[in-house]
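Visitor: Could you walk me through reading a structure like this one? I would like to begin with the surface and then turn to the aromatic rings.

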Amino acid sequence: MIFNNLLYKSILQTSGLMIMALVAVFLTTRFGNSLSEAVIGNIATKDIFKIVGLKTIISVQDILPIALFISVFAVITNLVNNREWLALESCGMPRSKLFFLVFKTSLLTALFVAISSLILNPLLETRLRELKEDTKNRASIEGIKSGMFIKF
């Protein structure tokens, strides 16, 4: 029982760290892409944070399974490398208990991803498309300043 709680806590902590790391990487790349689009004039500069935020929430369905996989792999590798796995098996802990913990965590993650994919993401994608259209119109209007027209 104690092992279940410790292992579950370890998997959740590692998953949390992986999620934060993957979101940080995602945010930096999306923010860089949005800044380059703002320089070109496709996005209004004041809407960059809204667009990046919506894209981040939409991408949660991709980030969560990857973070779960990496964290479970890291925890089990750590158990094997420190010979804790061998000690637990010699004390009579079956492997099925560990597999059940991983299955339970995966099932919760799959449920969250399913709800996100089926309910939340269509709404957010629609909002993102509307925001991109609005910001594209504003970006083209913001770029027009007096004295910048060329006479033919």
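Guide: Happy to! This is a predicted model, and the accessible surface of its chain comes to about 10,400 Å². Carbon and sulfur atoms hold 69% of that area. Buried residues make up 28% of the 152 residues.

Visitor: What does the secondary structure of the chain come to?

Guide: Five helices and zero strands, so the order from the N terminus reads α-α-α-α-α. Of the contacts with a separation of 6 or more, 84% join residues 24 or more positions apart.

Visitor: Is Ser-15 buried or exposed?

Guide: Ser-15, in helix H1 (residues 2-40), is buried because its relative accessibility is 8%, and buried means under 20%. Leaving aside residues up to four places away in sequence, Ser-15 touches Ala-67, Leu-68 and Ser-71.

Visitor: How is a pair of aromatic rings described?

Guide: By the distance of the centres and the angle of the planes. Here the count comes to two aromatic pairs. The ring centres of Phe-31 and Phe-49 are 5.5 Å apart with planes at 25°, so this pair is stacked. Phe-31 belongs to helix H1 and Phe-49 to helix H2 (residues 48-58), so the pair ties together parts 18 residues apart in sequence. Phe-31 is partly exposed at 29% relative accessible area, while Phe-49 is exposed at 65%.

Visitor: Which residues form the aromatic pair with 15° between the planes?

Guide: Phe-69 and Phe-73, a stacked pair at 6.5 Å centre to centre. Both lie in helix H3 (residues 60-81), four residues apart, about one turn of the helix. Phe-69 and Phe-73 are both exposed.

Terms used:
Residues are numbered from 1 along each chain as its sequence is written. This is a predicted model: local features need pLDDT of at least 70, side-chain atom pairs count only at pLDDT 80 or more; totals for chains, interfaces and linings use all residues. Side-chain values use heavy atoms; hydrogens and water are left out. Helices (H or I, at least four residues) and strands (E, at least two) are DSSP runs, numbered from the N terminus. Buried means under 20% relative accessible area, exposed over 50%, partly exposed in between (1.4 Å probe, protein chains only). Contact means heavy atoms within 4.5 Å. Accessible areas come from the Shrake-Rupley method with a 1.4 Å probe; for residues, only the protein chains shown count as cover. Rings of Phe, Tyr and Trp (its six-membered ring) pair if their centres lie within 6.5 Å; planes under 30 degrees apart count as stacked, over 60 as edge-to-face and the rest as tilted.
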